[in-house]
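This briefing looks at a few loop residues and their surroundings. Please have the sequence and the model open while reading.

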Amino acid sequence: AASAVVLLAVAASALVLTRRDPLRTFIPEATRKHREMVVQHELFGFPDVGPGGAAELPRLVSEQLGLPVTSLFLGDSDLIFMGARPLVAGDRRGIVIVYADHYGWVSSLQCISAPEIEVPKRDTLQVETFHPYHTRVDSLRVLVWKQEEMACFLVARAGDQELADLFLKVRRAM
């Protein structure tokens with residue numbers, strides 16, 4: 001009976017910690033979704049996205065998903081916009097946007113409505129005047145920041161300078 005009580009206490013404390021820190025829940029979900037997008041890119045190449053549809057993306061995200069988005073980074077000569085998909089993370093809706101460079105490396109930007117997420121002040125990566133939270137999950141690097149009530153997760157397999165450059169392109173466009 002005593003061991004059952006201890007097991008219940010451990011399980012309950014883990015649940016309370018996860019509820020108190022939703023960031024711990026969303027980072028693994030963001031890396032899982034990123035890996036899923038990499039596989040889709042490798043298998044299908046997102047053939048359904050054309051340049052005309054991309055221009056409407058910020059409006060659709062704002063209207064249909066209720067995210068405070070007025071503009072998005074839709075690629076440039078170095079980073080190609082590959083596509084966007086609706087995202088469901090728990091009971092939240094959002095969007096995942098996929099980019100690829102000329103070498104085939106895929107990066108993803110995932111935005112969800114998450115007013116309760118607080119971005120930690122520790123473990124940040126200074127990129128000019130910005131200080132997004134920075135962590136690693138296996139070979140992936142994740143940057144997290146907030147824009148109003150929206151949490152943004154940038155996931156990439158990149159070095160320091162490439163990650164900073166990617167972040168600036170994405171962040172400045174929003």
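Asp138 is exposed, because its relative accessible area of 66% is over the 50% cut-off. The model is predicted, and the points below cover Asp138, Glu128 and Glu116 in turn.

**Asp138**
- Asp138 sits in the loop that runs between strand 4 and strand 5, and strand 5 spans residues 140-147.
- The phi angle of Asp138 is positive, at about 55°, although Asp138 is not a glycine.

**Glu128**
- The loop between strand 3 and strand 4 holds Glu128.
- Glu128 has a relative accessible area of 47%, so Glu128 counts as partly exposed, a class that lies between the cut-offs of 20% and 50%.
- Glu128 is not a glycine, yet its phi is positive, at about 55°.

**Glu116**
- Glu116 is also placed in the loop between strand 3 and strand 4; strand 3 covers residues 106-113 and strand 4 covers residues 133-137.
- With a relative accessible area of 33%, Glu116 is partly exposed.
- Once neighbours within four places in sequence are set aside, the contacts of Glu116 are Pro22, Phe26 and Arg92.
- Leu23 and Glu116 are separated by 93 residues in sequence, while their C-alpha atoms are 9.3 Å apart in space.

Definitions and conventions: Residues are numbered from 1 along each chain as its sequence is written. This is a predicted model: local features need pLDDT of at least 70, side-chain atom pairs count only at pLDDT 80 or more; totals for chains, interfaces and linings use all residues. Side-chain values use heavy atoms; hydrogens and water are left out. Helices (H or I, at least four residues) and strands (E, at least two) are DSSP runs, numbered from the N terminus. Buried means under 20% relative accessible area, exposed over 50%, partly exposed in between (1.4 Å probe, protein chains only). Contact means heavy atoms within 4.5 Å.
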